[in-house]
Amino acid sequence: MTMTKEIDVVKFEKLLNWLDSDRDLAGQKYESIRRRLIWVLRSRGCLIPEELADEAIDRVINKIETVADGYHGDPALYFYSVSRNLLHEYYRRPQPEELSEFTPQPETAERESERNDCLAVCLQTLTDAQRQLFIGYHQTDQNNHIKQRKLLALSLNISEGNLRRKICRIKNTLQKCVLNCLGKKKV
């Protein structure tokens, strides 16, 4: 085993001790934090949530010597703030070419028509409630959209954050469906 690997093991041991003095509980907390990081990153639109979660954990491990002694409170919160900063870095990075299908391309009138046809088909795959929610969310004019969305959340008896999350999930479903539909039309 090389010297760097030994240092990493020592740092990882210190991380586990920071999470909990009971080794089993520390392992459970570690796994819980990792799962939560992945979920949060995925819900924020990250296309590589596992990689960024691991990077966040690595950064915490590399700083464990200075963090563990002076940090007060739930260690999980420190991981979440590191992942938030990492997500900001992720969005500033140039996107790899394999992700170019997610970047908007200038559309011809024909391509826009195909996309709209696919969107109409994909909207029909949603449940009635999802379709009405999605259309209601996006059918407001620019001046009143905040007020309308507050009213929409109130009418559904959910928070505005939950409303945005529901819309985001529906949008992701529609986006995958439209990309799939457009891919089939190329053939």
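Predicted model: local features only at pLDDT ≥ 70, side-chain atom pairs only at ≥ 80, totals over all residues.
Figure 1. R36 is found in helix α2, which spans residues 23–43, and together with R44, R164, R165, K166 and R169 it gathers in a patch of positive charge on the surface. Which helix gives the largest share of the positive patch? That share, 4 residues, comes from helix α9, which covers residues 160–186.

**Figure 2. The disulfide between C118 and C181.** C118 is joined to C181 by a disulfide with an S to S distance of 2.1 Å. The torsion about the S-S bond of this pair is about -70 degrees, so the disulfide is left-handed. The pair links distant parts of the chain, since C118 belongs to helix α6 (residues 109–125) and C181 to helix α9, and the two cysteines are 63 residues apart. Are these cysteines buried or exposed? C118 counts as buried because its relative accessibility is 0%, and C181, with a relative accessible area of 17%, is buried as well; for both, the cut-off that matters is that buried means under 20% relative accessible area.

**Figure 3. The disulfide between C122 and C177.** The sulfur atoms of C122 and C177 lie 2.0 Å apart and form a disulfide. C122 lies in helix α6 and C177 in helix α9, so this pair ties together parts that are 55 residues apart in sequence. The torsion about the S-S bond of C122 and C177 is about -85 degrees, and the disulfide is therefore left-handed. The two partners can be set side by side in terms of accessibility: C122 is buried, with a relative accessible area of 0%, whereas C177 is partly exposed, with a relative accessible area of 23%.

**Figure 4. The cysteines of the chain.** How many disulfides does the count come to? The count comes to 2 disulfides, and with bonded cysteines counted along the protein chain, the pattern of these disulfides is 1-4, 2-3. The accessibility of two further cysteines can be read in this view: C46 is buried, because its relative accessible area is 5%, while C168 is partly exposed, with a relative accessible area of 32%.

Figure 5. The side chains of D69 and K14 meet in a salt bridge, with an N to O distance of 4.0 Å. This pair links distant parts of the chain, with D69 in helix α4 (residues 64–70) and K14 in helix α1 (residues 3–19), 55 residues apart. D69 counts as exposed because its relative accessibility is 59%, and K14, at 25% relative accessibility, counts as partly exposed. The two residues are also linked with E65 in a network of salt bridges, whose members are K14, E65 and D69.

**Figure 6. The salt bridge between D20 and K29.** D20 and K29 form a salt bridge in which the closest N and O atoms are 3.1 Å apart.

**Figure 7. The salt bridge between R42 and E50.** R42 pairs with E50 in a salt bridge, and the closest N and O atoms of the two side chains are 2.8 Å apart. R42 is partly exposed, with a relative accessible area of 44%, and E50 counts as partly exposed because its relative accessibility is 35%. The pairs shown in these views are among the salt bridges of the structure, which holds 9.

**Figure 8. The fold around the close-up views.** What does the secondary structure of the protein chain come to? The secondary structure comes to 9 helices and 0 strands, and read along the sequence the chain follows the pattern α-α-α-α-α-α-α-α-α.

Key
Residues numbered from 1 in each chain as written. Heavy atoms only, no water. Patch = residues over 30% accessible without salt bridge, like charges linked within 9 Å, V, L, I, M, F, W, Y side chains within 5 Å. Areas by Shrake-Rupley, 256 points an atom, 1.4 Å probe, with all protein chains shown as cover. Lys, Arg positive; Asp, Glu negative; His and termini not counted. Charge placed at Lys NZ, Arg CZ, Asp CG, Glu CD. Disulfide = S-S within 2.5 Å. Buried < 20%, exposed > 50% of the residue type's maximum accessible area, 1.4 Å probe, protein only.
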